[in-house]
Amino acid sequence: MSEFWLISAPGDKENLQALERLNTVTSKSNLSYNTKFAIPDFKVGTLDSLVGLSDELGKLDTFAESLIKRMAQSVVEVMEDAKGKVQENLLANGVDLTSFVTHFEWDMAKYPAKQPLPSVVDTLAKQLAQIETDLKGRTAAYSTLKATLDSLNQKAKANLFTRTLSDIVNKDDFVLDSEYLVTLLVIVPTQNYIQWQKTYESLSDMVVPRSTKLIFEDKEGGLFTVTLFRKVIDDFKARAKENKFMVREFYYDEKEITREREEMTRLLSAKKQQYGPLLRWLKVNFSEAFIAWVHIKALRVFVESVLRYGLPVNFQAVLLQPQKKSSIKRLREVLNSVFKHLDEVAAASMLDAAMDIPGLQLNNQDYFPYVYFRIDLSLLD
């Protein structure tokens, strides 16, 4: 599974033995794969400051998760023709996300543990805010470009009544600069091709014989040219409509045709130029944001463990990876059984989801006798 549970229990002898029991039970029953999760000793400060920091970290956690999900989705959108390779571009420090989480080590160089905790949190918050600002700017430009191209491509894929014609008509298909003659484009259903060939010359007076040519067709019909005298245009249109032949309003303007073709070429070139740098930026900064997010999880465990278990700081963090979705309920029961002594009220409340826990702002379904945080790596769901 791509889900992890980051928990902690006090580091005294009794609870370390409880952790050993947990490892034994979960291993024998194949409920979860467990590893120790190393968190440095930070400068604690006052308990009042930790309460405020706990709230701030909760908000930062939510923001970071939202940011990396948006970045992952941006990678999907950029790699539109290679979506099967998205996952191999969502790495952290060059390794897959599961490996990074299970082998997590605190980055002392980037987030010095000797600094006061609020400073460490502030560094993470500023880093993520800057990544989000850059993400908005970089993806907005690419998205606008892609939307314009998508719109042009949709017009090229539309039916014969509405699709763009700049990619299918040629100057040679038309009589141009004639005072008397004009070339029209007529949409003929596939089943009426023979009828068109037999009747188009007689639909009106003054139609040029043998002037029709099929220049494009789709699954529904074909686009034919026909040349006639200007003064019979209205009569020809009316008679054509009676026979289920529709004249497509179109005037061949070479400058406009050239402009549309050049615009498509320019947009395709611009998209190609932006693709590489944008994907590289997304890969690098997704990694940075994800690493920051896991550091935030570690900080949350530290702060909540101190608030829950008191001073001096003494707790053991463990990372659990549930092995199967079907075993999650059983794993939760084992955890509550092993650590129920930490908070008898909370443990009892697990049996009654409707019961409120006095003095806690958390919904009791999110509260357990041990410190618990979830890490969900299903970023593309």
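A residue is called buried when its relative accessible area is under 20%, exposed when that value is over 50%, and partly exposed in between, as found with a 1.4 Å probe and protein chains only. Strands, labelled E, are DSSP runs of at least two residues, while helices, labelled H or I, are runs of at least four, and both are numbered from the N terminus. With these terms in hand, we can turn to strand S3, which spans residues 181-189 and is mostly covered, since seven of its nine residues are buried.

The structure is a predicted model, in which local features need pLDDT of at least 70 and side-chain atom pairs count only at pLDDT 80 or more, whereas totals for chains, interfaces and linings use all residues. Residues are numbered from 1 along each chain as its sequence is written, and side-chain values use heavy atoms, with hydrogens and water left out.

Strand S3 has partners, where two strands are said to pair if DSSP finds at least two bridges between them. S3 and S5 run antiparallel and are joined by nine bridges; Pro 189, for instance, has Gly 221 in S5 as its bridge partner. S3 also pairs with strand S6 (residues 246-248), again in the antiparallel sense, over three bridges, and here Val 186 stands opposite Val 247 of S6.

Within S5, which covers residues 221-229, we find Thr 225. Why does Thr 225 count as buried? Its relative accessibility is 2%, and therefore Thr 225 falls in the buried class. If neighbours within four places in sequence are set aside, Thr 225 is in contact (heavy atoms within 4.5 Å) with several residues, among them Asp 173, Thr 183, Leu 184 and Leu 185.

On the scale of the whole chain, the domain assignment, whose bounds come from an automatic or database source, gives domain 1 (3-149 + 268-380) and domain 2 (172-251). The centres of domain 1 and domain 2, taken over C-alpha atoms, are separated by 67 Å.

Two leucines in helices complete the tour. Leu 307 lies in helix H7, residues 254-309, and is partly exposed, with a relative accessible area of 32%. Leu 16 belongs to helix H1, residues 13-28, and with a relative accessible area of 36% Leu 16 is likewise partly exposed. Although Leu 16 and Gln 316 are 300 residues apart along the chain, their C-alpha atoms are separated by 7.7 Å. Not counting residues up to four places away in sequence, Leu 16 touches Pro 10, Gly 11 and Gln 316.
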